[in-house]
Amino acid sequence: MSTATLDTTALAETIKQWGRELGFQQVGITGIDLGEHEAHLQRWLEAGYQGEMDYMAAHGSKRSRPAELVPGTLRVISLRMDYLPGDTRMTERLGEPEQAYVSRYALGRDYHKLIRKRLQQLAERVEAQVGPFGYRAFVDSAPVLEKAVAQQAGLGWIGKNTLVLNRKAGSWFFLGELFVDIPLPVDAPHETNHCGSCSACLDVCPTDAFVGPQLLDARRCISYLTIEHKGPIPVELRAKIGNRVFGCDDCQIVCPWNRFARPTEQPDFQPRHGLDNVGLAELFRWSEAEFLSRTEGSPLRRAGYERWLRNLAVGLGNAPSTIPVLEALQSRRDHPSALVREHVEWALAQHARRAG
């Protein structure tokens, strides 16, 4: 594709307009130099904070060098899409220990397909206007430093909780990227960090997973432990997890900037199967067939049935010693999975200890 006669400034504005028409709340464009962020990533990996997430180091410098991941890339278009349902009663659910708390991003349909489809539609609109060009779309699906890209594209700053924060939208949004070989004009990076002296996110973390501002030890993070971690949850952290059975939102819930977050307009992100208001014991009784049926097209599938039961057992161990809770745990004492049995026994021991 020849760019000699292409009005890239006008094209950039058109791309942003199309992005908004496709359901994205904000679109920014950046170059491909992520040097400062690359150094931060390397220090994080060297400290071992990634835990079992070997994929974070598996691709060498491709994660921080877009042109190595997709040769020919000149610009990265970064887009954000709000996902928070309107009435999620997060604090209320966390205060009800017999109820399951599922991270708000996982209540609805899996966001990957929806956002990837919209990115593809955006690329096709560009292609219809300028002719064939090189591009690839990514949604948390490849070695991309998406938060670094978003910051450099002007979408927000990286807060102390390591999430991208936006003064008008908080942090309840997904990110997607379109790598392109068109020399579009770039947006100014978001240089100012508006967290100030606030440390609410660092202080609220149930498992003290933050080593410091913008530095998360994933091995202690509830989201990592309940979604990515494959083995037993460390015993010393189980009681701290409370009723959080898939992910954790605490560091977003307390962030003052999230008072500006707006409810999503995407029907696919609305809660399914009553997951925003359901008891731990009820979920623990799901058969594997029920789990597979009710999590079809859901982020919950990432954990798998065995780890889903593991997480629920921990939640039940932290719940009050009611008859439904104890009966649910007893029903899984002979489960075929050693991982599940071990967490069930821990949970029953918790109830016995409190009763004694």
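In which loop is C221 found? In this predicted model, C221 sits in the loop that runs between β9 (215–216) and α8 (222–228). With a relative accessibility of 16%, C221 falls under the 20% cut-off and therefore counts as buried. Setting aside residues up to four places away in sequence, C221 touches T207, A209 and L216.

Another of the listed residues, C251, belongs to helix α10 (residues 250–253). C251 counts as buried because its relative accessibility is 15%. Beyond its neighbours within four places in sequence, C251 is in contact with N161, L163, C201, V204 and F210.

Attention now turns to helix α1. This helix comprises 14 residues (residues 8–21), which at 1.5 Å a residue should span 20 Å; the C-alpha atoms at its ends are 20 Å apart, in agreement. Within α1, the buried residues are T8, L11, A12, I15, K16, W18 and G19. They cover an arc of only 165° around the axis, which means that they lie on the same side of α1. An α-helix has 3.6 residues a turn, so residues three or four places apart point the same way. The packing partners of the buried residues of α1 are β1 (26–30), β2 (75–82) and α5 (111–130).

At the start, a side-chain oxygen of D7 comes to within 3.3 Å of the backbone nitrogen of T9. Just after the helix, G23 adopts a positive phi of about 100°.

How values were computed. Residues numbered from 1 in each chain as written. Predicted model: local features only at pLDDT ≥ 70, side-chain atom pairs only at ≥ 80, totals over all residues. Heavy atoms only, no water. Helix = DSSP H or I, 4+ residues; strand = E, 2+ residues; numbered from the N terminus. Expected span 1.5 Å × (residues − 1). Buried < 20%, exposed > 50% of the residue type's maximum accessible area, 1.4 Å probe, protein only. Arc of directions from axis to C-beta. Contact = heavy atoms within 4.5 Å. Polar contact = N/O pair within 3.5 Å; in protein donor to acceptor, adjacent residues only side chain to side chain.
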